[in-house]
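Colleague: I would like to learn how to read a structure of this kind. Please take the features one at a time, with the general idea before the case.

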Amino acid sequence: MAGISNAIYQSIIRRNAVFLTTIFAGAFAFELSFDTASNKIWDTWNAGRQWKDIKPRYLVKEDEDDE
Amino acid sequence: MLGRSLPRVAARAFARQPVGKSTRASSTAAGADAASSPFYLTLTASLATAAAAGSAAWYYHLYGQEAFAMTPAEEGLHATHYPWVHQRFNKTFDHAALRRGFQVYREVCASCHSLTRVPWRSFVGVMHTVDEMKAMAEENEYDTEPNDQGEIEKRPGKLSDYIPAPYKNDEAARAANGGALPPDLSLIIKGRHGGCDYVFNLLTGYPDEPPAGASVAEGMNFNPYFPGTGIAMGRVLFDGVVEYEDGTPATTSQMAKDVVEFLNWAAEPEMDDRKKMGVKAIALLTGLFAISIWVKRYKWAPIKSRKIVYSPPIGPRR
């Protein structure tokens, strides 16, 4: 345990620039992963109910009209 | 000294009085003993309780109840509650149903009811494609800006235009509907007690003929869910009035359900995003709450588990 925390301290926290960069990068990474995951869960809950699920039906029809 | 002794003197003076009384009570033994016997004490307490409860009940009966000036018929029948899927906390609108509901609105409701707060553009990406909506908007004429001669001409509608009302103004609407104003439907779900349930019940609740004894005014229709039961709007949804493009059987209840969901969307177009944000916020805040509990316990652990001991000095060192 001490080894891990020491490694974290030495690699990330010791230099302020590295620490700050880690925080910013971590925020971006968390935002991206959280949004992706929660959107995926939301779409599973609402499968077939949203516009993006029924949109293809109406787009295909238009293409046929154009041709 | 004086300050401390004064109350004591007063207390003694008061204390003496009961003592005198008790001696007198002991001399007239029989009555006092009877009065303080458990039976009479219980009886007195019971009677006092009954009197208090009774007067409170009488007072509530007289003044506490809500006064209803209207009869139940005038209040309207309470709407039956239906398990609307789109009202669950994690469900969006069923956008196919919204599309069907808009079709019902256009083909049935729109001949009398306006939807003035909804622009054509708000349908794009919700239930129609851009091209469909552009075509639909162009079917309507709108006033242009005044031209060089100051004349206002007509132009086809654009996506940014709002859905035109069926009547020029409220007076025209009243004149065409026997004095009754068809309400604007943009916010009708928010604007009526019972919301979706009420509108659905109203649309599907017309009996074939009014029940015996009900008085229906000239030109009015009977609907038990409408406050007062006399409604100027007649039954409009019959099986097969609309032919759905996706092949859904257009029964009365199906059309009513679709149009109610559509009107709910018109009143709350932000609902899908709002619920999604809510779910995300709850998930994040749950995590943060757990972390805050952990931090609190982490910080308090040494304080809670330490022991404070007072060890008195053993004696003079020297």
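Modeller: Start with the record: UniProt positions are given in the numbering used here, feature names are shortened, and annotations may be inferred rather than shown by experiment. From an unreviewed entry, UniProt places the feature "domain: Cytochrome c" at residues 96-230 of chain B. This is a predicted model, in which local features need pLDDT of at least 70 and side-chain atom pairs count only at pLDDT 80 or more, while totals for chains, interfaces and linings use all residues. Residues are numbered from 1 along each chain as its sequence is written, and chains are lettered from A and ligands numbered from 1 in the order in which they are written.

Colleague: How much helix and strand do residues 96-230 of chain B hold?

Modeller: Helices (H or I, at least four residues) and strands (E, at least two) are DSSP runs, numbered from the N terminus. Over residues 96-230 of chain B, 31% is helix and 7% is strand, and the end C-alpha atoms are 34 Å apart. Chain B as a whole has eleven helices and four strands.

Colleague: Which residues does UniProt list for "binding site"?

Modeller: The unreviewed entry lists B:Cys109, B:Cys112, B:His113 and B:Met233. They are spread over 125 residues of sequence but cluster in space, with a largest C-alpha distance of 10.7 Å.

Colleague: Is B:Cys112 buried or exposed?

Modeller: A residue is buried if 20 or more other C-beta atoms lie within 10 Å of its own, exposed if 12 or fewer, and partly exposed in between; C-beta atoms are placed from the backbone. B:Cys112 counts as buried because it has 20 C-beta neighbours inside 10 Å. B:Met233 has 19 C-beta neighbours inside 10 Å, so B:Met233 counts as partly exposed. B:Cys112 is in the loop between α5 (95-107) and α6 (130-138) of chain B, and B:Met233 is in the loop between β4 (230-231) and α10 (252-267) of chain B. Of the 318 residues of chain B, 20% count as buried.

Colleague: What is B:Cys112 in contact with, leaving aside its neighbours within four places in sequence?

Modeller: Two residues are in contact if their C-beta atoms, placed from the backbone, lie within 7 Å. With those neighbours left aside, B:Cys112 is in contact with B:Pro166, B:Asn177 and B:Pro182. For chain B, among contacts between residues at least 6 apart in sequence, 62% join residues at least 24 apart.

Colleague: How do I check the length of a helix such as α5(B)?

Modeller: The expected span is 1.5 Å times one less than the number of residues. The 13 residues of α5(B) should therefore span 18 Å, and its end C-alpha atoms are 18 Å apart, which agrees. The helix α5(B) is mostly covered, with eleven of its 13 residues buried. Among them are B:His95, B:Arg99, B:Phe102 and B:Tyr105.

Colleague: How many residues of chain A are in contact with chain B?

Modeller: Eleven residues of chain A are in contact with 16 residues of chain B. On the chain A side, α2 (16-45) and α3 (51-66) each supply at least two residues, and α3(A) gives the most, with five.

Colleague: Which domains does the domain assignment of chain B give?

Modeller: Domain bounds come from an automatic or database domain assignment. For chain B there are domain 1 (72-118 + 162-269) and domain 2 (271-305). Their C-alpha centres lie 43 Å apart. The contact takes five residues from domain 1 of chain B and four residues from domain 2 of chain B.

Colleague: What is the phi of B:Thr229?

Modeller: B:Thr229 has a positive phi of about 65° although it is not a glycine. B:Thr229 is in the loop between β3 (221-222) and β4 of chain B, and is buried, with 21 other C-beta atoms within 10 Å.
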